[in-house]
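Let's take a walk through a protein structure together, one part at a time.

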Amino acid sequence: MIPQSVMLVEDNLDDQFLARRTLGKFGVRTITVAGDGEEAVELLMDSARPLPEVLILDLRLPKKHGLTVLAELRRHNRTMSLPILVVTSSDDPKDREDCLRLGALAFLSKPLELTDLQKALGGL
Amino acid sequence: MTNSNFDILFEAVHAAIIGTIFFFLLIQGKNLSAHQKSGWHFIIAGFGLFFFGTLLDITDNFSTLARFIFVGDTCFEAFLEKVVGYTFGSVLLAIGFWKFLPAVFPLRESEERLRKIIQLGPISMAIVAMDGTIEYINQRAVETFGYLPEDIPDMDSWWVLAYPDETYRKEVVAQWMGLLGKAMAGNGEIARREYQVTCKDGTLKTMVIFGVLVPDKVFVMFEDITERKLAEEALHQSEQYLQETQTVAGLGTYDYDLITGKWQNSAILSEIFGIGATYDRTLDGWISLIKPEDRQAMSDYLIHEVVGKCGKFDKEYRIIRSSDGEERWVHGLGEVKCDNQGRVVRMIGTIMDITDRKLAQEEIRRLNASLEALVAERTEELVRSNRDLASFCYAISHELRAPVARLRGLSQALLEEMAENPAAAGHCAERIMVASGQLQRVIDSVLQLSRLSQSSFTPYPLNMSAMAAEIATAMIREHPERQVELIIAEGITASGDPALVRLCLENLLGNAMKYTLRQPIARIEFGRDAASGAMFVRDNGIGFNMAHAEKLFEPFTRLHQEEEFAGSGIGLATVQRIIERHCGEIRAEAAPGTGATFFFTLAPLQRGKS
């Protein structure tokens with residue numbers, strides 16, 4: 001399944017660039033970018049805005065760590081079942097475990113690969 | 001001549017002979033000793049009567065003498081002559097000889113006894129004739145010296161065998177002859193002297209040799225004192241050894257007579273106590289030597305524990321040495337001797353100066369304590385260092401992965417865009433440059449941070465105010481577009497490693513500059529907090545949320561969006577490391593939007609100050 005709108009939570013410009021590129025290749029048309037965790041939660045909680053179909057979440061974010069964001073999103077009805085893909089340069093198994101436990105759909109390594117996307121979102 | 005003439009002649013000769021014997025014995029009898037006299041009188045009487053008989057025998061040849069009844073040829077004369085004279089005389093002679101001869105035998109008997117004594121006696125003896133012939137040596141002599149009578153027939157052979165060394169022999173012979181001469185002139189005793197005699201088997205024996213002069217002979221006696229000499233020597237050596245040992249060990253001995261109340265001591269103890277010959281050697285005298293603080297306790301100990309309970313004395317205590325007033329530690333040991341009623345009459349023991357040992361013990365104790373403190377300190381350091389290392393490695397690895405991932409992604413994109421989209425490809429290439437630069441910087445930061453622990457540390461007194469001013473003004477000069485108000489308090493000094501402290505200030509002041517970027521007028525302050533005594537760097541910049549304060553000093557954590565406030569990410573980690581190396585502390589206070597203050601010290605904070 002190819003999501004039409006995706007929100008990308010990433011602070012580094014190059015990583016944003018690369019992610020956008022890959023998502024574009026995947027066929028995503030609308031990409032919203034949040035530069036930090038707080039901004040991401042704000043945008044997602046805004047009932048005036050439509051939810052993206054998929055959330056791409058980096059872990060090392062300023063102001064609010066990715067895991068905190070994940071936990072928060074999972075607590076709220078609105079974002080409880082939002083498909084979230086964690087894309088991070090961390091290879092810490094603990095991070096992986098935490099993310100999956102908190103309900104992330106997948107734990108992917110940077111740089112984001114097309115094949116990974118396909119595999120992760122194929123199920124949907 | 002007629003028969004009777006011959007008769008008269010022979011009888012006269014007979015009478016003459018008997019008479020001569022009688023008178024001879026009578027005269028000689030004066031020279032006899034008492035014990036011989038008992039038989040002697042009988043012999044004299046016997047011969048007297050016999051003589052009387054022989055005289056009468058002559059008269060019986062003259063019949064004319066018959067008218068005298070008792071002489072001549074009468075039966076009375078015959079009775080006198082034969083019964084009284086000859087028979088009775090013979091009887092008396094017999095009795096006399098019988099008594100006399102045993103009187104000679106006792107001499108033989110005592111001679112026999114003497115011979116047995118000499119033969120079997122416990123000391124070596126010899127009988128030497130005046131001409132030097134050795135007539136006799138007893139069994140003991142043979143056993144002692146090993147020489148058989150054949151070996152030493154005379155004195156010359158004795159001199160040679162017994163004293164093989166010529167020089168010594170000459171001495172001995174001269175001495176013996178001299179003593180012999182004195183004996184002969186005086187009391188007949190050859191005085192006792194020591195000689196080293198060589199035995200047959202070559203061994204040397206120490207003998208005391210002396211002699212007694214008997215008529216025509218010298219009676220020589222030998223007393224073997226070899227064993228005694230050895231024992232004396234051993235005892236002497238053992239005494240010397242004891243003395244030496246005591247001296248070497250510094251062991252003084254004492255002997256305290258509780259009845260007289262006085263004690264005696266060895267020379268070493270005098271040294272230990274520093275007392276002279278005239279010191280008051282009583283109980284009070286001893287107490288006075290003890291350090292005043294310890295006197296009561298020691299006195300009680302002696303009186304109650306030792307004397308009272310008949311126990312041993314064993315205490316280490318302090319004295320004030322009498323000779324120089326120096327305080328010394330001593331270890332006293334003693335044992336008491338009690339009388340029949342169980343009262344203590346005497347105490348003997350040793351005292352040793354153990355000051356050196358005590359000082360060494362103190363030193364060891366002190367060293368151990370400081371060592372333990374050192375170990376505790378090191379352990380803490382190590383734990384902290386390990387903790388740092390763990391989190392550090394974690395932080396580094398993550399920090400490195402990000403730029404590497406970026407490089408990979410960008411390179412991939414470059415490859416893909418290269419053919420179709422040169423502009424995009426160009427963008428990728430540029431970003432690759434930037435990303436690899438980032439990577440480089442991360443690696444450099446890591447190295448810099450790691451080098452901080454190994455770099456040499458030489459503390460100097462530092463003028464912190466001057467250093468801060470210098471760094472800050474240089475920074476301001478580099479950014480002429482900025483408006484910065486700089487407040488540096490004067491006269492702030494501290495002790496630290498100049499290079500490290502400089503780096504620390506560069507980071508803190510650099511941060512202050514960076515985070516006040518948004519302020520129209522940046523205000524950067526360096527001073528000393530009156531309350532805590534810590535130095536501080538204060539800015540009126542963007543500040544941060546105190547909730548995140550604990551992460552502040554961790555390397556690579558960012559409290560602000562990356563691009564906005566570019567930094568190596570290890571600035572504060574570096575600062576913290578430097579502060580730690582100085583055994584100081586650092587703390588941050590801030591509020592979002594109103595700025596931050598970093599309080600720090602370059603030495604352990606004194607507790608108690610708020």
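This is a predicted model: local features need pLDDT of at least 70, side-chain atom pairs count only at pLDDT 80 or more; totals for chains, interfaces and linings use all residues.

Begin with chain B and its 610 residues, of which 39% are buried. Its secondary structure comes to 15 helices and 17 strands. How is the chain folded back on itself? Looking at contacts in chain B with a separation of 6 or more, 54% are between residues 24 or more positions apart.

The size of an interface is often given as the accessible area lost when the parts come together. For chain A and chain B, the buried area is about 2,100 Å², with 45% coming from carbon and sulfur atoms. Within chain A, the residues that lose the most area to chain B are A:Asp14, A:Arg21 and A:Arg60, which together make up 26% of what that side buries. In terms of residues, 22 from chain A and 25 from chain B take part in the contact.

What links the two chains across this interface? There are six salt bridges between chain A and chain B, and seven residue pairs are in polar contact. Helix 1 of chain A, residues 13-26, gives the most to the side of chain A that touches chain B, namely seven residues. What kinds of residues make up that side of chain A? It divides into 13 charged, five nonpolar and four polar residues.

In one, A:Arg21 pairs with B:Glu417, and the closest N and O atoms are 2.8 Å apart. In another, A:Asp15 pairs with B:Arg406 at 2.9 Å between the closest N and O atoms. This second pair crosses from helix 1 of chain A to helix 11 of chain B, which covers residues 355-420. Are its two partners buried or exposed? Both A:Asp15 and B:Arg406 are buried.

Take B:Glu194 and B:Lys229, whose closest N and O atoms are 3.2 Å apart. B:Glu194 lies in strand 3 (residues 189-198) and B:Lys229 in helix 7 (residues 226-249) of chain B, so this pair ties together parts that are 35 residues apart in sequence. B:Glu194 counts as partly exposed because its relative accessibility is 42%. B:Lys229, at 29% relative accessibility, also counts as partly exposed.

For a contrast, find B:Arg365 and B:Glu362, whose side chains meet in a salt bridge of 2.8 Å from N to O. Both residues lie in helix 11 of chain B, three residues apart, which is about one turn of the helix. B:Arg365 counts as partly exposed at 49% relative accessibility, and B:Glu362 does too, at 42%. Salt bridges can also share partners: A:Glu10, A:Asp15, A:Asp58, A:Lys110 and B:Arg406 are joined into one network in this way.

Finish with a residue in chain A. A:Ala71 is found in helix 3, residues 66-75. Why does A:Ala71 count as buried? Its relative accessibility is 18%, and buried means under 20%. A:Ala71 and A:Leu102 are 31 residues apart in sequence, while their C-alpha atoms are 6.1 Å apart in space.

Key
Residues are numbered from 1 along each chain as its sequence is written. Chains are lettered from A and ligands numbered from 1 in the order in which they are written. Side-chain values use heavy atoms; hydrogens and water are left out. Contact means heavy atoms within 4.5 Å. Buried area is the accessible area (1.4 Å probe) that two parts lose on being put together, summed over both. A salt bridge is a side-chain nitrogen of Lys or Arg within 4 Å of a carboxyl oxygen of Asp or Glu. A polar contact is a pair of N or O atoms within 3.5 Å; within protein, one must be able to donate a hydrogen and the other to accept it, and residues adjacent in sequence count only if both atoms are side-chain atoms. Helices (H or I, at least four residues) and strands (E, at least two) are DSSP runs, numbered from the N terminus. Ala, Val, Leu, Ile, Met, Phe, Trp, Tyr, Cys and Pro count as nonpolar, Asp, Glu, Lys and Arg as charged, and the others, Gly among them, as polar. Buried means under 20% relative accessible area, exposed over 50%, partly exposed in between (1.4 Å probe, protein chains only).
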